[in-house]
Amino acid sequence: MHVRQRVAGTVAALALAAGGLLAASPAASASESAPSALSCSSRLVTGSGGHRGAEIRCTGSSFTGVIDCRRVDNGYVYRHFGNRVPSGGTSTVWCDLNATVIQAYGTPS
């Protein structure tokens, strides 16, 4: 009886180990298809109503433009997201009125 229990325990342990290896496989293949690094540049712009913003251009993969803004009156810092565009495109993002751009960049999307 002990031999059967040991064999059954060994088979169960091998099945669990194989299941763990199979579960790890999709994660490894997902990292291979991860977006490539972006190369971005930005240009500050001012809108007709006095809004401040940035035009962000990136190459490497599709991306979304992002800016961090600071309100002039109370120093509150917040983030706005622009449109998603393909590699080589331009994403334009705007701060609220009476705020300035403190950082502009692209994030893969």
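Biologist: How many disulfides does the structure hold?

Modeller: Keep in mind that this is a predicted model, where local features need pLDDT of at least 70, side-chain atom pairs count only at pLDDT 80 or more, and totals for chains, interfaces and linings use all residues. Residues are numbered from 1 along each chain as its sequence is written, and side-chain values use heavy atoms, with hydrogens and water left out. A disulfide is a pair of cysteine sulfur atoms within 2.5 Å. By that rule, the number of disulfides in the structure is 2.

Biologist: Which handedness does the disulfide of C40 and C58 have?

Modeller: The sulfur atoms of C40 and C58 are 2.0 Å apart. C40 lies in strand β1 and C58 in strand β2, so this pair ties together parts that are 18 residues apart in sequence. Strands here are DSSP runs (E, at least two residues), numbered from the N terminus. The torsion about the S-S bond of C40 and C58 is about 110°, so the disulfide is right-handed.

Biologist: Is C69 buried or exposed?

Modeller: C69 forms a disulfide with C95, with 2.0 Å between their sulfur atoms. C69 sits in strand β3, while C95 is in the loop between β5 (90–94) and β6 (99–108). Buried means under 20% relative accessible area, exposed means over 50%, and partly exposed is in between (1.4 Å probe, protein chains only). The relative accessibility of C69 is 0%, so C69 counts as buried.

Biologist: How many salt bridges are there?

Modeller: A salt bridge is a side-chain nitrogen of Lys or Arg within 4 Å of a carboxyl oxygen of Asp or Glu. One of them joins R71 and D73, at 2.5 Å from N to O. By this rule, the count of salt bridges is 3.

Biologist: How many residues apart in sequence are the parts that R43 and E55 tie together?

Modeller: R43 and E55 form a salt bridge, and their closest N and O atoms are 2.7 Å apart. R43 belongs to strand β1 (residues 39–46) and E55 to strand β2 (residues 52–59), so the parts tied together are apart in sequence by 12 residues.

Biologist: In the salt bridge of R79 and D68, which strand does D68 lie in?

Modeller: The N to O distance between the side chains of R79 and D68 is 2.7 Å. R79 lies in strand β4 (residues 77–85), so the pair ties together parts 11 residues apart in sequence, and D68 lies in strand β3.

Terms used: Helix = DSSP H or I, 4+ residues; strand = E, 2+ residues; numbered from the N terminus.
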